[in-house]
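Work through the exercises below on charged side chains. Each task is followed by a solution in steps.

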Amino acid sequence: MNAKEYLSQIRDMDEVIRKDILEKDTWLSLATSLSVDPAGEKNNPNRNTHAPYEKCIENADELERRITANIDALADLKIKIAEEIQQLEEHDDVIILMMRYIAMMKWEEIEDKFIQSEATVMRKHNAALQHFEEKHGKI
């Protein structure tokens, strides 16, 4: 894994968490929209005795546990990577990698902070990645 792939794990994990949150919200929305018809199958001995929304709530709870575990793992990963970035000698390397991979800023935001062109920011970013790999090796 090269430096960019290694550092991008934060963004990838954040994306998984966001997807899981949307899925959990969908299950909760479905659970609140389901209704029970108490007169529907009173005398049917084969009827399902569980409320129709139970499975939705169970799925949402399972996702909530997974989201919590992933948030904890993301926090640990951010701390670890931030410490590794801080070990770089060049101040610009530290700033640009922290902005991009820890703060998850867009390129346009980074360009505005540096008050430099896209080409210059990309050049600095590529140099910072190279310095990161030299310091920490292939991960």
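A salt bridge here is a side-chain nitrogen of Lys or Arg within 4 Å of a carboxyl oxygen of Asp or Glu. The model is predicted, and a search of the whole structure finds 7 salt bridges.

**Exercise 1.** Decide what kind of contact the side chains of Lys-19 and Glu-23 make, and where the two residues lie.

Step 1. The N to O distance between Lys-19 and Glu-23 is 3.7 Å. The cut-off is 4 Å, so the pair is a salt bridge.

Step 2. Both residues belong to helix H2, which covers residues 9-33. They are 4 residues apart, about one turn of the helix.

Step 3. Lys-19 is partly exposed at 45% relative accessibility, and Glu-23 is partly exposed at 32%.

**Exercise 2.** Is Asp-20, a salt-bridge partner of Lys-19, buried or exposed?

Step 1. Asp-20 and Lys-19 form a salt bridge with an N to O distance of 2.9 Å.

Step 2. Asp-20 has a relative accessible area of 2%. Buried means under 20%, so Asp-20 is buried.

Step 3. Lys-19, Asp-20, Glu-23 and Arg-66 are linked in a network of salt bridges.

**Exercise 3.** Describe the pair Glu-84 and Lys-80 by distance, spacing and accessibility.

Step 1. Their side chains meet in a salt bridge at 3.5 Å, N to O.

Step 2. In helix H3 (residues 54-86), Glu-84 and Lys-80 are 4 residues apart, which means a separation of about one helical turn.

Step 3. Glu-84 is buried, with a relative accessible area of 15%, whereas Lys-80 is partly exposed at 39%.

Note on methods
Residues are numbered from 1 along each chain as its sequence is written. This is a predicted model: local features need pLDDT of at least 70, side-chain atom pairs count only at pLDDT 80 or more; totals for chains, interfaces and linings use all residues. Side-chain values use heavy atoms; hydrogens and water are left out. Buried means under 20% relative accessible area, exposed over 50%, partly exposed in between (1.4 Å probe, protein chains only).
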